[in-house]
Amino acid sequence: MPAQLSAIEIIANLKVPDNSLSQSQLRRIYTMRQLRWSDDSVITVFVLPRQHDLHNRFAKERLQIFPYQLNRIWNKLTYSGLGVAPIIIDSEKELIQAVINTPGSIGYIYEKTLASIQPTESDKEFDVKDDQQGNQGVVNVIKIED
């Protein structure tokens with residue numbers, strides 16, 4: 001399936017307590033207004049570079065905001081000293097690894113990429129920590145409720 005037709009999945013670290021978020025919660029997280037999960041743990045937000053096709057689709061389709069507007073919000077937070085921007089990761093593969101290794105983290109990937117990271121005995125591409133439950137997968141897929 002071509003990338004432009006693949007759905008976008010929201011992923012989180014396995015230790016994130018929330019399995020679903022509302023559309024407005026997702027937007028608050030990515031505009032850096034919601035900084036903590038339901039258990040009061042810190043949210044670490046990972047994003048792809050602004051020129052990445054997946055980032056642009058994520059902003060428009062999932063957050064319902066233009067990518068340039070999202071960048072303005074992050075710049076305003078950063079330059080005013082009132083907050084920080086999300087951490088930019090260069091590729092989907094690196095973003096997945098960052099989410100796996102960072103408690104409280106959230107990110108987004110294509111659905112087809114998610115299918116390719118299901119844990120198997122022969123799959124050693126991703127460094128999964130021993131304390132994570134392999135039968136649940138390597139990341140937590142967050143359901144977005146409308």
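This is a predicted model: local features need pLDDT of at least 70, side-chain atom pairs count only at pLDDT 80 or more; totals for chains, interfaces and linings use all residues.
Residues are numbered from 1 along each chain as its sequence is written, and side-chain values use heavy atoms, with hydrogens and water left out.

Helices (H or I, at least four residues) and strands (E, at least two) are DSSP runs numbered from the N terminus. Two strands pair if DSSP finds at least two bridges between them. An open sheet of 6 strands has the order β2-β6-β1-β5-β3-β4, with mixed pairing. Its edge strands, β2 (20-22) and β4 (87-88), each pair on one side only. Strand β3 (residues 44-47) pairs with β4 in the parallel sense over 2 bridges; here phenylalanine 46 stands opposite isoleucine 87 in β4.

Helix α2 (residues 53-62) packs against helix α3 (residues 67-80) at an angle of about 90°, with the axes 8 Å apart. Helix α2 is therefore roughly perpendicular to α3 (a term for angles of 65 to 115 degrees). Axes are lines fitted to C-alpha atoms, for helices over the stretch in contact, and angles run from 0 to 180 degrees between N-to-C directions. Contact means heavy atoms within 4.5 Å.

| Helix | Residues in the α2 and α3 contact |
|---|---|
| α2 | His55, Asn56, Ala59, Lys60 |
| α3 | Pro67, Leu70, Trp74 |

The largest pocket holds about 150 Å³ of space. A pocket is an open set of points on a 1 Å grid over the protein atoms alone, where a 1.4 Å probe fits, with protein on both sides within 12 Å along at least five of seven lines; lining residues have an atom within 4 Å of a point. Among the lining residues are His55, Asn71 and Trp74. Helix α3 gives the largest share of this lining, 4 residues.

Notes. Angles under 35 degrees count as roughly parallel, over 145 as roughly antiparallel, 65 to 115 as roughly perpendicular and the rest as oblique. Grid points are joined across faces, edges and corners, and a volume is the space filled by probe spheres set on the points.
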